[in-house]
Structure formats: structure tokens, C-alpha cells
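Subject: Handing over a structure, with notes

Dear colleague,

I am passing on the structure shown below, and I would be glad if you read these notes with it open beside you.

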Amino acid sequence: MPAVLGLNFHHDTSVALIVDGRLYAAEEERWSGIKHHRQPRHRKATLTAPTHALAWCLGAAGINPEDIDAVWTPSMRPTPAAGWWLAEERDELAALLSSPLGEHLRLISHHTAHAMAGYLLSGIDHAAGLVIDAGGSSLGADLGPGRERITGYDLHPDRVDRIHQAMPIVIPGPVGPRRVHSSLGHFYRNLALRLIPPGDEPEGSMMALAALGHPDRYRDALRALIRFGTDGDVRIAHPWGSADTETPLITERRAWTTNGAAAASLTDRADLAAAVQETFAQAVTHIARHLQRLTGASTLVFSGGCALNSHLNGHLAADAGFDNLFVAPAPHDAGTALGAALYAWHYQLGQPRLPVPTDAAWGPEPDPGSAFTTPTGYRALPRLGDQLVPVVAALLADHRIVGWVRGPMEFGPRALGHRSILAHPGHTDIRDRLNAIKQRASYRPFAPAVLSEYVSEWFMTTGDPFMNRVAQARHCRAERIAAVIHRDGTARLQTVANGHSGLRPLLEEFHRRTGLPLLLNTSLNRKGAPILRTAEQAVQATAELGLDAVAVNDTLLLADRVPLPDDARRML
């Protein structure tokens, strides 16, 4: 019974375990309650080891550390001395693990782990791989000084070829050139911090805000910050590709700073966000076109933090000359544990690739119904069994907002129908109420979960099972699902296939009742906190957020203020 383990000790700390072809994966943040499992910079304590996630994976698989055949972890040491830093990191990680695991420990580059987290789940034989983020592993003596920023691969079932390695070259900026390694990940975040007031997630909020703006107003100013060269070359003016957020960005006699975002008008911020999004997308497309020319592949596999940009993903394949795009189910850093495990499983042990997933439900089940207490203001309807789905569908059809906690927890940054808040997609007042409940900016959109066989009837382009790309809604249908359509007519849709046990039956019942084959789906969490793991946490959050109901396993908790629809009452 082969068993391999992938570990990520960086932020988004995570574990992935493959045993006899079955995948278990979890993120440490779901136990620590600290989003990304990363302490604020001013705190001296560090959070690194995925202790709880590792214990859960081993326990769920029913194995011990000595049963593991291979252990791989991405190397993130920034030191350039390639001789000793590997040994130091190996010793440090081995000390965190028990000795049976430490004996098998090997290091994989951060970007290769990202690429494997997509390619080895794509079902594609030949693909071009693209990884872009703020920074990855130290390159060392073979590839030169610095860290991975942009990496391109030619991917095959029997080999992984790194064919493009680039760090955006720094060009002089307002404070002159410096010895700094720029990245497109830092570029996007740097500008997002100047546009999004503190308290809102910068990158995601800026991407949403861009749909409200017009890029032509600031297009020339943004294009002056990035230049494109031959062979996929990208050059970024300093300091806009770095973590330096102190230098003001001057446009139209306005100084954009991290302290002044709230003072700028929504129109000004939206116009600059639109220009940033356009320029960023052009840069990624420029690199992807180069990879298409190098590989001749028809499919692009995209991963790394920049692959979370779902608006870019919606048109990247077509713009770069590919027929298809596959975005890793977990393109953020937690996915590197998954990629490390998949690499060991396929390339080291020679095992067949895992099937293409239709869901990312690789984590723990919620606690049993007896493990939580009904909060004040709610009443429990326990052991509903087969009646749960039609009762919840009736509540959703009646425009109630319902928590949904069923099945194994999702791995990755999106709630995919196992730890979700669900709602009717038909009216914008639902969207506005949810944004208030989750304390999000009013312009932030929500995503639809759609029965896969109906996607083409409602959208002009496709989504994916992991909510990683936007699709253009059909204009004739958009008004009927206004709560999940953004200002530019797009939606970051999740396709729900037959294999999705957590959400598929409920979507089918809701479709039968309303004629709508989709639901609004967002994560069940508090502002600034990870998606909730346990039944008790979900029930407490339901009461704090003021949701109308929550389904946990086969128990429904219903707010006292909410009457059951007549047909649901008759079922019970």
C-alpha cells in the first residue's frame, strides 16, 4: 500500500497524503483559526509546522509515520548559499517531524510543487506549465541568484522540463534603480494596498473593483510601469514590483499611498483598479504566449498565487493561443503540499496519476450532530435524513440564507459546497444582505454553483469545479440570477458534476422547484478568518452572523424568526 506525504511549512501551511491512490489534504489554518496560518509581521512568534493537519491526515488514512514511503516539501529558504542552506532546512524540518518521516524527507522547488498541483490532476498528457507568484525557492548556483518569480514548464507524464525562468527585470523608477527582485505577484499586491482600505482583502477586492472602472483613464500611466520584451521578458519599474509600499504612486497629480485609499473616490479607485487588472493580464498573457511557442502544447496549466486571479483566467487561454486552461484546484501556497505529494506518487514511486477531481473534498468530516449545542434563537430539527435536502431547498426557494455543513471539508481557498453559505441567486438584495453579514465591500460579487450540464444555457464561457475562473453570463439570462452576476456581466462559477456529493442533490432539488440550476455559494466563515472546520464552529458562526438556518449533517437549525414554508412543514 504505497503512501507519500507532501508538506508545506510556508504560509498557507498544509499537508497532503496519498495512500493507495486516495488523497487526504488539509490546511493548518482550519485548526489554528488564523487565516493563511501566518502571524502579523509585528509578532515575533512564528507559525510553521502543520501539526494538526498532519495528525488528521495520518489518522484518517489509518497509518503511522513509519508507513510513509516518501516525504517531500517545498524549499523556501531565501539564502543564496546553495551548499549549506539545503542541509540546514533539511535538519530543521526533520526535527519537526518524527524520525521515520525525517529519514525520507526530500526537497522540491516551490514552483515545481505548484506546477505539479495542477498538471498531475489535469488528466492532460502534454501541457505547458506556468507558475507566477510573489516568490518561490532560491534558485542557487545552477540558475543564478535570486528566487523563483516566473517559471515555465514543458510537462509530460514521464518528465518535467523547466524551460523558462525569469525574474522581472527592474527598470528605473521614481526613486532610482535598486537591487531588488521584482515579481508580478508583488506588483499586483503593491497597487492593491494603495486602492483597498485596510480591513478588506486587497487582491480579491481590487479584482472585483476593476469591473466598475474604465482602464483607459490610467492605462498609459500603468503601462509605463511595465514593459514587455522578447522571449516572454517582463520589466517592472521600481518599486512597483516589490514589497515597498511607502513610495507614493503619482497619477493625475494624486499621490496613491497605503494610507490614502479610503480618501479616494470609488470612481477613481475603480478606474485605477481596471488599469492595473488590464496591465497585469497583459503581462501574464505575454509570458503564456511565449510558453505556447516553446512547447506547442494546446493546454496551459496555471498555478501560483497569481492564478487566483479568476478574471484573468476567464480569457487567458484564448488570449495566449491555447485551446484549454487548467487552473490548479488550490493554486495558492497550500497547494504546494498537494503538488509535492503528487510528484512523489507519480514520478518517484511510478504510480498511475490520480483521476481528474470534480471536487476538492479531501479534508475532515464535520463533527456528529451530538457535538454541538443549539444556540439561543434557533430550534433544532434533528435526524431529517432524506427530508433534509427538500426542506433546505424550500427555504432557499423562499429566499432564506442557509449555512451548509456536510461531507469532507474542502482543500483550498474556496468553499465548494461542504462548508458554505447558500442563497437564492435571483435578487441583488440577497447579495447586499450577504455582503453586510460578511462585512465585505458592497461591490464584491458572489459566485454561483451550477449544475454542470446547464452551464452552456446560462453562460457563454465555461467555469471549472474549483471556482477559479469567471465566465460571461448570457445577457438574456442575467436578470434572473442578478445576485451572482458582477457589474461586467461575469460570474466566477463553480461547475457541479455528478460526483459532487456535498451539493449536487440540493442543486437538483432547487432546480426542480425554481427552474434555476444554480445557487449562490460563498464560504462559511467570519471576516478575516478561515473557512470553519467543525460543526460546533459552524453553529456558533451561524448565530453570530444571523443566518436564517444551517444544515449540519442531517440536522437543521432554524432561526426562531423564520417559519418553515408550507410544503416543507408538510414533509415533516
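Two strands are said to pair if DSSP finds at least two bridges between them, and the helices (H or I, at least four residues) and strands (E, at least two) are themselves DSSP runs, numbered from the N terminus. Please keep in mind that this is a predicted model, in which local features need pLDDT of at least 70 and side-chain atom pairs count only at pLDDT 80 or more, whereas totals for chains, interfaces and linings use all residues. Residues are numbered from 1 along each chain as its sequence is written, and side-chain values use heavy atoms, with hydrogens and water left out.

With that wording in place, strand β19 (residues 447-451) pairs with strand β22 (residues 494-496) in the parallel sense over three bridges, and Val450 has Thr495 as its bridge partner in β22. Strand β19 is also joined to strand β23 (residues 518-523), this time antiparallel and by four bridges, where the partner of Ala447 is Asn521. Five of the five residues of β19 are buried, a word that stands for under 20% relative accessible area, with exposed meaning over 50% and partly exposed anything in between (1.4 Å probe, protein chains only). Ala447, Ala449 and Leu451 point one way from the strand, while Pro448 and Val450 point the other way.

Elsewhere, five strands form an open sheet of mixed pairing, in the order β8-β7-β6-β14-β15. Its edge strands, β8 (159-166) and β15 (324-327), each pair on one side only. Within this sheet, β6 (residues 127-132) and β7 (residues 150-156) pair in the antiparallel sense over six bridges, and Ala128 stands opposite Asp154 in β7.

Turning to charged side chains, the structure holds 25 salt bridges, each being a side-chain nitrogen of Lys or Arg within 4 Å of a carboxyl oxygen of Asp or Glu. One of them joins Arg217 to Asp271, with the closest N and O atoms 3.0 Å apart; this pair links distant parts of the chain, since Arg217 lies in the loop between α8 (202-210) and α9 (219-223) and Asp271 in helix α10 (residues 266-295), 54 residues apart. Arg217 is partly exposed at 32% relative accessibility, whereas Asp271 is buried at 7%. Both belong to a network of salt bridges that also includes Glu252, Arg254 and Asp268. Another salt bridge joins the side chains of Glu29 and Arg30 (3.1 Å, N to O), where Glu29 is buried with a relative accessible area of 9% and Arg30 is buried with 3%.

With best wishes
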